[in-house]
Amino acid sequence: MTHTTRTTHESDRCADVRAALADPAPVPELPASDGGPAGLADGLLQRPLTPFARLHHQSAPLLLPNAWDHASAAALAAQGFPAIGTTSLGVAAALGLPDGAAATADATLALARRLGGGSFLFTVDAEGGFSDDPAEVAGLARELYDAGAAGINLEDGRPDGTLAPVELHAAKIAAVKAAVPALFVNARTDTHWLGRQEEETASRLALYEQAGADGVFVPGLSDPEGIAALVATLVVPLNILYTPTGPTLAELAALGVRRISLGSLLYRAALTAAVNCATAIRDGRSADLTALSYAEVQALGASDGTARRSR
């Protein structure tokens with residue numbers, strides 16, 4: 001979709017979203033936007049930016065490492081990363097549960113409460129909000145914010161490999177922003193991640209912007225031309241998932257990407273390193289035994305819960 005096409009159909013998309021939000025369920029109507037993308041941009045510029053949101057509007061993209069427990073988050077924060085994300089795969093796998101199946105709502109909230117005692121900014125991967133009821137998703141978002149979260153990641157991919165109706169996902173976003181305006185909503189579309197309906201990527205993201213998303217996320221998109229074309233259609237910051245075989249951080253920055261997530265990469269790398277170390281020792285091979293000391297790991301859990309950082 002070109003920028004011109006998007007402008008032509010902006011009012012149609014707004015009407016579609018408002019129609020979806022007219023459902024009897026308690027979902028707020030979208031705020032009006034005058035002047036198509038320009039009006040949307042003006043409205044976004046009028047929003048007060050939180051410290052976390054400001055990280056998406058700096059000269060360099062926000063590199064967001066994703067943690068799976070308190071120790072991993074605290075260790076990453078200690079290395080100077082300005083914000084930490086969570087990884088739904090890491091949270092689920094650590095509990096022996098499937099990712100993306102709405103099985104970890106309680107665990108995700110419990111992790112947010114533990115992270116909320118730290119002095120670092122963090123955002124939570126909440127799959128699809130663990131519900132198809134926008135009011136329930138908004139309620140979870142409120143709990144995450146109260147726990148200390150600065151942001152939430154909401155995806156439109158479903159456990160069966162399909163995409164949620166775009167109107168439903170837009171309704172979830174609108175409900176969250178109405179309930180917790182200060183929470184940064186990163187609206188994820190899984191068109192490229194699932195390899196289906198990729199031609200809908202730009203139109204889906206446009207609806208998510210209209211619904212109030214503060215940023216949008218397209219994991220699985222790594223083609224430089226595709227990224228550049230998408231950036232040209234967006235008002236809010238674009239988040240891309242880093243892949244070792246994809247563009248470098250510098251190349252993503254040059255393309256206009258404003259947030260780069262590591263996703264489950266660190267969790268998978270940690271598992272790999274643990275297994276490699278154990279099997280090397282067992283098999284009499286040399287192993288890299290470089291590791292944090294016992295005391296250093298103990299110190300990661302020393303937070304008394306009083307040092308919460310402003311979001």
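Modeller: Happy to! Helix 9 covers residues 166–179 and helix 11 covers residues 201–211, and they pack at about 25° with their axes 8 Å apart. Helix 9 is therefore roughly parallel to helix 11 (angles under 35 degrees; over 145 is roughly antiparallel, 65 to 115 roughly perpendicular and the rest oblique). The axes are lines fitted to C-alpha atoms over the stretch in contact, with angles from 0 to 180 degrees between N-to-C directions. On the helix 9 side, the contact (heavy atoms within 4.5 Å) uses Val166, His169, Ala170, Ile173 and Ala174, while helix 11 brings Arg204, Leu207, Tyr208 and Ala211.

Before going on, a word on conventions. The model is predicted, so local features need pLDDT of at least 70 and side-chain atom pairs pLDDT 80 or more, whereas totals for chains, interfaces and linings use all residues. Residues are numbered from 1 along each chain as its sequence is written, and side-chain values use heavy atoms, leaving out hydrogens and water. Helices (H or I, at least four residues) and strands (E, at least two) are DSSP runs, numbered from the N terminus.

Helix 9 has another partner. Helix 8, residues 134–147, has an axis that comes within 8 Å of that of helix 9, and the two cross at roughly 40°. Helix 8 and helix 9 are therefore oblique to each other, and this crossing is right-handed too. Here Pro134, Val137, Ala138, Ala141 and Arg142 of helix 8 meet Leu168, Ala171, Lys172, Ala175, Val176 and Ala179 of helix 9.

Arg142 turns up again when we follow the chain onwards. Pro181 sits in the loop between helix 9 and strand 6, and its C-alpha is 9.8 Å from that of Arg142, although 39 residues separate them in sequence. With a relative accessibility of 55%, Pro181 is exposed (over 50% relative accessible area with a 1.4 Å probe, protein chains only; buried is under 20% and partly exposed in between).

Asp190 is buried, at 3% relative accessibility. Setting aside residues up to four places away in sequence, Asp190 touches Glu155, Asp156, Gly157, Leu163, Gly195 and Pro219.

The charged end of Arg188 sits over Trp193, 5.7 Å from the ring centre (CZ of Arg or NZ of Lys within 6 Å of the ring centre and within 35 degrees of the ring normal). Arg311 lies over the face of Tyr145 at 3.7 Å from the ring centre.

Finally, the whole structure holds 2 aromatic pairs. The ring centres of Phe52 and Phe184 are 5.4 Å apart and the planes stand at 85°, so this pair is edge-to-face (Phe, Tyr or Trp rings, the six-membered one for Trp, with centres within 6.5 Å and planes over 60 degrees apart; under 30 is stacked and the rest tilted). Phe52 belongs to helix 4 (residues 51–54) and Phe184 to strand 6 (residues 184–188), so the pair links parts of the chain 132 residues apart. Both Phe52 and Phe184 are buried. Trp68 and Tyr267 are also edge-to-face, at 5.2 Å centre to centre and 70° between the planes.

How values were computed. A crossing is left-handed if the near helix is turned anticlockwise from the far one by less than a right angle, and right-handed if clockwise.
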